[in-house]
Amino acid sequence: MADNDEQTGGLILVVDDQPLNVELLEADLIEHGYDVLSAYDGKSALEKVASDRPDLILLDVMMPEMDGFEVCRRLKSDPETMLVPIVMVTALSEKADRIKGIEAGVDDFLTKPYDRQELQARVRSLLRVKFYTDELERAETVISSLAISVEAKDSYTESHCRRLSYYSVQVGRMFNLPHEQLRALRLGGTLHDVGKIGIPDAILNKKGKLTPEEFDTMRQHPMIGYNICKPLRSLRYVLPIIRHHHERFDGSGYPDGLAGEDIELTARILTVVDVYDALRTERPYKPAFDKEKSLAILDEEMKKGWYDPEVLDKFRSLELENI
Ligand SMILES: [Fe+2]
């Protein structure tokens with residue numbers, strides 16, 4: 001992302017069935033340093049979006065066959081293209097058409113004949129948002145790949161993450177957690193151990209007991225993961241899961257020694273699911289236990305005060321055959 005508006009640039013798709021209109025917009029945009037693609041009907045506009053991935057679309061409404069509203073609706077309902085901003089360029093100033101445009105997902109309007117300064121201002125501000133969203137998406141992707149490479153390093157399989165996400169979200173639903181907390185649980189299944197990227201393989205995959213020094217190193221992974229993900233605002237609800245999934249309900253866990261409800265509910269949930277899945281899986285230092293034995297061990301540890309009894313209760317009520 002460029003810091004300076006004048007250096008932003010970007011690829012803009014201009015869609016209009018009147019070649020003269022396209023030429024005018026094109027000339028204005030090129031003059032301001034943008035790259036421009038053009039399409040003269042709805043169908044080829046959709047094809048250009050798929051093949052060239054423009055950063056912004058200037059879209060005419062009145063076109064034969066597929067009109068601008070329909071093009072917009074299709075792009076906004078496809079997860080691949082829904083974040084590409086669309087400016088509807090229209091001669092229509094009718095309120096009903098504006099509402100139709102808003103309902104189709106249009107991000108902004110420009111009325112024909114358009115004002116050149118207004119065009120530049122709208123394009124600039126929408127591109128700024130687009131580049132910011134791209135940046136965030138890239139950062140999240142990098143962190144997720146990191147987490148997946150940790151999984152490989154840790155000799156766990158990808159299915160461990162999937163199971164963790166799936167069961168944590170199910171328990172979260174039983175607590176009627178709001179949408180952003182359920183999303184955090186889903187992401188937490190993949191990201192909670194991302195800090196293991198900073199732990200040597202020799203310790204991660206050691207067969208047999210860790211020495212006290214090795215265990216001290218291992219115990220740093222929640223804080224390392226927390227520090228990796230902290231700069232990303234979109235991951236703010238996942239941070240407590242990453243940092244506190246090794247806390248215990250009685251305060252005897254790490255890294256902060258939090259107890260009871262001072263540990264976020266999402267973290268208390270992931271802890272139980274994570275331990276259960278570890279018990280059910282073969283690890284370098286232990287065989288895979290069956291469902292009954294795993295639940296019995298969890299019960300014993302709950303009696304020692306390690307887990308939230310209500311969370312364990314809800315977890316036990318799930319259909320656990322596939323985990
Ligand atoms: Fe962990």
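Leaving aside neighbours within four places in sequence, which residues is E140 in contact with?

## E140 and its contacts

In this predicted model, E140 belongs to helix α5, which spans residues 116-153. Beyond its neighbours within four places in sequence, E140 is in contact with L232 and S234. The C-alpha atoms of E140 and L232 are separated by 7.9 Å, although the two residues are 92 residues apart along the chain.

E140 has 16 other C-beta atoms within 10 Å. A residue counts as buried at 20 or more such atoms and as exposed at 12 or fewer, so E140 is partly exposed.

## Domains

The protein is divided into two parts: domain 1 covers residues 5-135, and domain 2 covers residues 154-316. Between the C-alpha centres of domain 1 and domain 2 the distance is 45 Å.

## Helix α3

Helix α3 runs over residues 68-77, and its buried residues are G68, F69, V71, C72 and L75. Viewed down the axis of α3, these residues fall within an arc of 160 degrees, and they therefore line one face of the helix.

The partners of the buried α3 residues include both strands and helices. The strands are β1 (11-15), β3 (56-60) and β4 (86-90), and the helices are α2 (42-52) and α4 (95-104).

## Helices α12 and α14

Helix α12 (residues 265-280) and helix α14 (residues 309-316) have axes that come within 9 Å and cross at roughly 55 degrees. This angle makes α12 oblique to α14. The crossing of the pair is right-handed.

On the α12 side, the residues that meet α14 are R268, I269, V272 and V273. Their counterparts in α14 are V311, L312 and F315.

Key: Residues numbered from 1 in each chain as written. Predicted model: local features only at pLDDT ≥ 70, side-chain atom pairs only at ≥ 80, totals over all residues. Helix = DSSP H or I, 4+ residues; strand = E, 2+ residues; numbered from the N terminus. Arc of directions from axis to C-beta. Contact = placed C-beta atoms within 7 Å. Domains from an automatic or database assignment. Axes fitted to C-alpha atoms, helices over the stretch in contact; angles between N-to-C directions. Parallel < 35°, antiparallel > 145°, perpendicular 65-115°, else oblique. Left-handed = near helix turned anticlockwise from the far one by under 90°.
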